[in-house]
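Hi,

Here is the structure I promised to pass on. Have a look, and my notes on it follow below.

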Amino acid sequence: MTEKLSRDRQKAEEAFARTQGPARPRSRAEEELDQIVQARAEKTQRLKQARLDREAADRAAGPTAPRPAASAGARLAPITTAPGAARKAPPRKPGKA
C-alpha cells in the first residue's frame, strides 16, 4: 500500500509542477508589452520633435497670409438654381389650418 501512495504522490507532484509552468510565459508577455509601450513612447517623441522642427521652420520662414478658418458650411458648394425655378408651396385650402 505504501507503493500506491508514493505513485499517487508522484502524480500529484507532476500535476502541481504543470500548474506552476505558465508563470514564465506571463513574464515574457509582460516583457513584450513593455517593448510595445517603449516603442510607442519613442515614436511619439520622434513625431513631436518633427512637429516642433516643422513649426520652427514655418516661423523662421516669415509671416504668410492667414488662412481663414474653415467652418462646416464653408466647405459646401453653394446651391444655385435657375431664376424663377424656385418651387412654390401649394396654396392652402380655406378652412384648414
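Helices (H or I, at least four residues) and strands (E, at least two) are taken as DSSP runs, numbered from the N terminus. On that basis the protein has two helices and zero strands. Bear in mind that this is a predicted model, where local features need pLDDT of at least 70 and side-chain atom pairs count only at pLDDT 80 or more, while totals for chains, interfaces and linings use all residues. Numbering runs from 1 along each chain as its sequence is written, and side-chain values use heavy atoms, with hydrogens and water left out.

Now the surface. Of the 97 residues, 0% come out as buried (buried is under 20% relative accessible area, exposed over 50%, partly exposed in between, with a 1.4 Å probe and protein chains only). The protein exposes about 10100 Å², with carbon and sulfur atoms supplying 56% of that (Shrake-Rupley method, 1.4 Å probe; for residues, only the protein chains shown count as cover).

As for charges, there are two salt bridges, meaning a side-chain nitrogen of Lys or Arg within 4 Å of a carboxyl oxygen of Asp or Glu.

- Arg9 and Glu13 pair at 3.1 Å, N to O. Both sit in helix α1 (residues 2-20), four residues apart, about one turn of the helix. Arg9 is exposed at 57%, and Glu13 is partly exposed at 39%.
- Arg51 and Glu55 pair with their closest N and O atoms 3.4 Å apart. They are four residues apart in helix α2 (residues 23-61), so about one helical turn separates them. Arg51 is partly exposed at 34%, as is Glu55 at 31%.

Cheers
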